[in-house]
Amino acid sequence: MKNKFLTKVHPHDAKLALAHLHVAFVALALGGLAGLLQVLVRSGKFVLPAGIGYYQVLTVHGVLLGLVLTTFFIMGFQLAAVSRTSGPLSTKSRLVGWLGFWLMTIGTAIAGTMILLNEATVLYTFYAPLQAHFLFYFGLTLVIVGSWLGGGAQIATYVRWKKEHPGEISPLLSFMVVVNNLLWIVATLGVAGTVLFQLIPWSLGWVERVDVLISRTLFWYFGHPLVYFWLLPAYMAWYVIVPKIIGGKIFSDSLARLSFILFLLFSIPVGFHHQLVEPGIDAFWKYLQVVLTFMVTVPSLMTAFSLFATFEMYGRAKGATGLFGWFKKLPWHDARFTVPFIGMVAFIPGGAGGIINASNQMNQVVHNTIWVTGHFHLTVASAVVLTFFGISYWLVPHLTGRKLSKAMNKLAIFQGIVWAVGMSIMSGSMHLAGLLGAPRRSAFSTYGDAQQALDWIPYQIAQAVGGSILFLGIVLALIIYVNLAFFAPKGEEEFPVGEVADAAERPPLVLENWKLWLTVLAALILIAYSVPFMDMLQDGPPGSKGYKFW
């Protein structure tokens, strides 16, 4: 019997999803303010008041936007997506989801308090030997555990659907949610390991020191798939939701599922490409992980092909002719499409920069420069965040029983344009300054000699201008969010889920053989990490023989 809630999110699930989104946008407001303060300080024209340190603000910005905003938004969106496509969460799953939400929220409050008290000024990567108060690490642990519970509730709903529909292919959106949750759970085992067994005992004084190489390796085992944990929900919207919004159809269900499986397999055993300049890791293992890193370009190109095939099929159906005639037929007046599309475009140079970052020789040029920060803002802060904004413009009114008005739609398009302009200026200047050797994680005014500081001043001012425009974009996004959550006209807003094109073939069931894919994933991780990790435990980097685990 068809579930009556498969056209919208169950009201009880909507409350849980909204709770996550509320926290996400509070994090956007606070983290965005911290980002504005950063670029103003870097311009050399502004001094932080009340004894606030630059790196304290930098930590607030990175943690709130890179970890809190993204994790809460993703969990909220994925809970709604599963409820919409696989049916309402069971009472037990919903309780687990709420428990996960409160653990994440309490953990965020604890970690955030430590940062504001200047007891955890360790940046969002929290590398040793920088040390934070143990409560900061404890708070992050609660966030991770809470996300596991929320992800578990989503997976349980998918499993229930599979049991109720034996032999059938699952809803595409639910399948994608499961892949992203599996990626997240496997990846966070690394950061959980270093936090629980290294950083917390060290911060409590139970051990004198930690092995920095092992700590960084465990972090980057987690740190690179973290990027894909952010990116895959954007891909969900691009693959499944945008086709429905424009009035087209999904090009290929099978291709979409295969691309997600490839992301799961090739996004985790690649952390060494963030450690190419570090001693203590044999060059062969770095080379192997660089090769695995480049494998991720395959599903990325598959995604680009599928998306533009969908756009072209839609345009041709509307009578478009010529090579790019379909481009004019796209619904540019609809913020639900236009804002994510700007994110898609930003991902093209962002992906190209990622290839440079992962390339051994070219990485030597840009490593630890502000080029990397510019790349980060093109991928996460543009492709991902703009798509999240686009999702919120229909998801929030759907969950609250309101409508996206014409006025808010126009404001949302304007917000996307403002974001694109601000990011082009800020990220572009970061890339250029990085090529000149300008360091990342630095206020610049206190770094290097006087001539270097003079050379970087024009780029620092450009970053301040671009960052200020971006902050305006954040203010506009917050205005729209508050309106859609509390003040927009009452009504019914669709949760758009695309249909597969008629000519597309039925996906093979092997794509949902989780035992197979998780076994392949485990094998790739063991191949990529087991030998170098044992070498680290036995020898460590030069001068640390006998250092062991802590």
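Modeller: The model is predicted, and local features need pLDDT of at least 70, side-chain atom pairs count only at pLDDT 80 or more, and totals for chains, interfaces and linings use all residues. Residues are numbered from 1 along each chain as its sequence is written, and side-chain values use heavy atoms, with hydrogens and water left out.

Colleague: Why are α11 and α14 called roughly parallel to each other?

Modeller: The axes of helix α11 (residues 335–358) and helix α14 (residues 406–435) cross at roughly 5° and come within 9 Å. Axes are lines fitted to C-alpha atoms, for helices over the stretch in contact, with angles from 0 to 180 degrees between N-to-C directions; helices are DSSP runs (H or I, at least four residues), numbered from the N terminus. Angles under 35 degrees count as roughly parallel, over 145 as roughly antiparallel, 65 to 115 as roughly perpendicular and the rest as oblique, and therefore α11 and α14 are roughly parallel.

Colleague: What makes α6 oblique to α13?

Modeller: Helix α6 (residues 212–246) and helix α13 (residues 370–400) pack at an angle of about 45°, with their axes 10 Å apart, and that value makes α6 oblique to α13. Contact (heavy atoms within 4.5 Å) involves residues including Trp-230, Trp-238 and Ile-245 of α6 and Phe-376, Thr-387 and Trp-394 of α13.

Colleague: Why is α6 called roughly antiparallel to α16?

Modeller: The angle between α6 and helix α16 (residues 514–538) is about 165°, and their axes are 11 Å apart, so α6 is roughly antiparallel to α16. Among the residues that meet there are Leu-213 and Tyr-221 in α6 and Tyr-529 and Leu-537 in α16.

Colleague: How do you know whether Gln-289 is buried or exposed?

Modeller: Gln-289, found in helix α8 (residues 283–295), has a relative accessible area of 0%. Buried means under 20% relative accessible area, exposed over 50% and partly exposed in between (1.4 Å probe, protein chains only), so Gln-289 is buried.

Colleague: Which residues is Gln-289 in contact with, leaving aside its neighbours within four places in sequence?

Modeller: With those neighbours left aside, Gln-289 is in contact with Pro-269, Val-270, Gly-271, Phe-272, Ala-528 and Tyr-529. A polar atom of the Gln-289 side chain lies 3.2 Å from the backbone oxygen of Ala-528.

Methods
Helix = DSSP H or I, 4+ residues; strand = E, 2+ residues; numbered from the N terminus. Polar contact = N/O pair within 3.5 Å; in protein donor to acceptor, adjacent residues only side chain to side chain.
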